[in-house]
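Subject: Structure for your review

Dear colleague,

Please find below the sequence and structure that I am handing over to you. My notes on what was found follow directly after them.

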Amino acid sequence: MAAITYKCPNCGGGLVFDPGTQKYKCEYCLSLFDQQELEDTWDNREDPGQWTEGKDTQGEAFRKQSGPVEAVSCICPSCGAQVVTDETTAATFCYYCHNPVVIEGRLKGGYHPDYVIPFSIDRKQAEERFRNWISGKRFVPGDFYSPRQVESMTGVYFPYWLYSCQVEGSMDAEGIRMRVWDAGNLRYTEQKIYQVSRSGRMEVENVAKNALKKSNVRLSEGVLPFLPEGRKPFHMSYLTGFQAERRDMEAGELAAEVEQEVKNQAASRLRESADGYSSLRIKAQTEKIENARWYYGLFPVWTLTYKSPRDGKIYYFALNGQTGKVCGELPVDRRRLAVLFLAVFLPLLILFLMGGYFL
């Protein structure tokens, strides 16, 4: 399994993508390089060792003999240590030298993304938004937002399928308008029935769906939407300094669900266009999908997970690395709830009992 580390042309230090400047930053000499400079350096390199690749031939041979396994290893190009990942991880860090490692072969061929949205929110901003989100929530366990826990926040490129199409829809319905009025002691009701027909064409762009089975769907889809104008043609260098996952779900597995969503949306739009009636009875309705297109992209998410020591349940915080949208699920400290009960409700109960005694 080949691995690659993007190195600074000036000092040889590891390069990482910096969301603040949208450039590649050397963590040692602090040099900055834009995308074109990075590509020019790569294309014109004379010494392949400057951009080091490593190959774990023994591990590759072992996997061919023993069949597919969950853990996959490669050699860190910077220090030679073995980096172990699972089969969907495409970018990570070396646990020994802490340099970013991009596992090149994971995103080749059919797994090569069409687009990437680079991180716009850096770690410092992500931590600040997490603290703002957690502030004022009194019954969260202290270790959920402890410094050590916050330090484990990770920037991850999650894989998404993007679906676009056009939908031709038509609807035939019966619209009813009711009018009621009183005259003297009599109440009159007037009912008018109309034949209603509607048709139209709806453009659907970039319906995003999680493409990773092991991810928490509420986490990966709770941060949607991403802004399509931030998309860039995919380049491996955007992954440096972050973790990245490769998809393990194909578009065909999601097609039925997405198509039904699109059809339901088209049907809803047609019904909404027939307003002004007291009631609407649908007699016939069709939706036809045309020019369906699928695209594959890696989009940025800051994640923080917490395993409750009480019940083992996983709680999470997720932040859209482009727009800043937050979603998450908070644990509850039952001891704090018990203290609140004893401090507030127990004295009230005693007062009520004493009042009843004296009465």
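**Cysteines and disulfides**

Cys 26 is buried, with a relative accessible area of 0%; buried means under 20% relative accessible area, exposed over 50%, and partly exposed in between (1.4 Å probe, protein chains only). Cys 165 is likewise assigned to the buried class, at 0% relative accessibility. A disulfide is taken to be a pair of cysteine sulfur atoms within 2.5 Å, and by this rule the count is 0.

**Basis of the model**

This is a predicted model, in which local features need pLDDT of at least 70 and side-chain atom pairs count only at pLDDT 80 or more, while totals for chains, interfaces and linings use all residues. Residues are numbered from 1 along each chain as its sequence is written, and side-chain values use heavy atoms, with hydrogens and water left out.

The mean pLDDT of the protein (pLDDT is the predictor's confidence in each residue, from 0 to 100) is 80, and 78% of the residues reach 70 or more. Residues 46-70 have a pLDDT below 50, and this stretch has 43 contacts in the model beyond near neighbours in sequence; a contact means heavy atoms within 4.5 Å.

**Overall composition**

The protein has 359 residues, of which 40% count as buried. Its secondary structure comprises 7 helices and 17 strands. Helices (H or I, at least four residues) and strands (E, at least two) are DSSP runs, numbered from the N terminus. Where contacts join residues at least 6 apart in sequence, 70% of them link residues at least 24 apart.

**Salt bridges**

How many salt bridges does the structure hold? The total is 11 salt bridges, each being a side-chain nitrogen of Lys or Arg within 4 Å of a carboxyl oxygen of Asp or Glu.

Glu 290 and Arg 201 form one of them, at 3.2 Å from N to O. Glu 290 belongs to strand 15 (residues 279-307) and Arg 201 to strand 12, so this pair ties together parts that are 89 residues apart in sequence. Both partners are partly exposed: Glu 290 has a relative accessibility of 27%, and Arg 201 one of 45%. A network of salt bridges links Glu 168, Arg 201 and Glu 290.

In another salt bridge, Arg 187 pairs with Asp 182, and their closest N and O atoms are 2.8 Å apart. Arg 187 is exposed, at 61% relative accessible area, whereas Asp 182 is partly exposed, at 48%.

Glu 250 and Arg 247 also form a salt bridge, with 3.1 Å between the closest N and O atoms. Here Glu 250 is partly exposed, at 32%, while Arg 247 is buried, at 6%.

Strand 12 (residues 186-210) contains Tyr 188, which is partly exposed at 35% relative accessibility. Together with Trp 181 and Leu 186, Tyr 188 makes a nonpolar surface patch of about 280 Å². Patches are made of residues with over 30% relative accessible area and no salt bridge: like charges are joined within 9 Å, and nonpolar side chains (Val, Leu, Ile, Met, Phe, Trp, Tyr) within 5 Å.

Thr 303 is located in strand 15 and is buried, at 11% relative accessibility. Apart from neighbours within four places in sequence, the contacts of Thr 303 include Ser 152, Met 153, Phe 158, Leu 219 and Phe 317.

**Backbone geometry**

Most residues other than glycine have a negative phi, and most peptide bonds are trans. Asn 206, in strand 12, has a positive phi of about 60° and is partly exposed at 23%. Asn 291, in strand 15, has a positive phi near 55° and is partly exposed at 48%.

Which peptide bond is cis, with omega near 5°? The bond concerned runs from Leu 224 to Pro 225. Pro 225 sits in the loop between helix 5 (217-222) and strand 13 (232-233).

Yours sincerely

Definitions and conventions
Accessible areas come from the Shrake-Rupley method with a 1.4 Å probe; for residues, only the protein chains shown count as cover.
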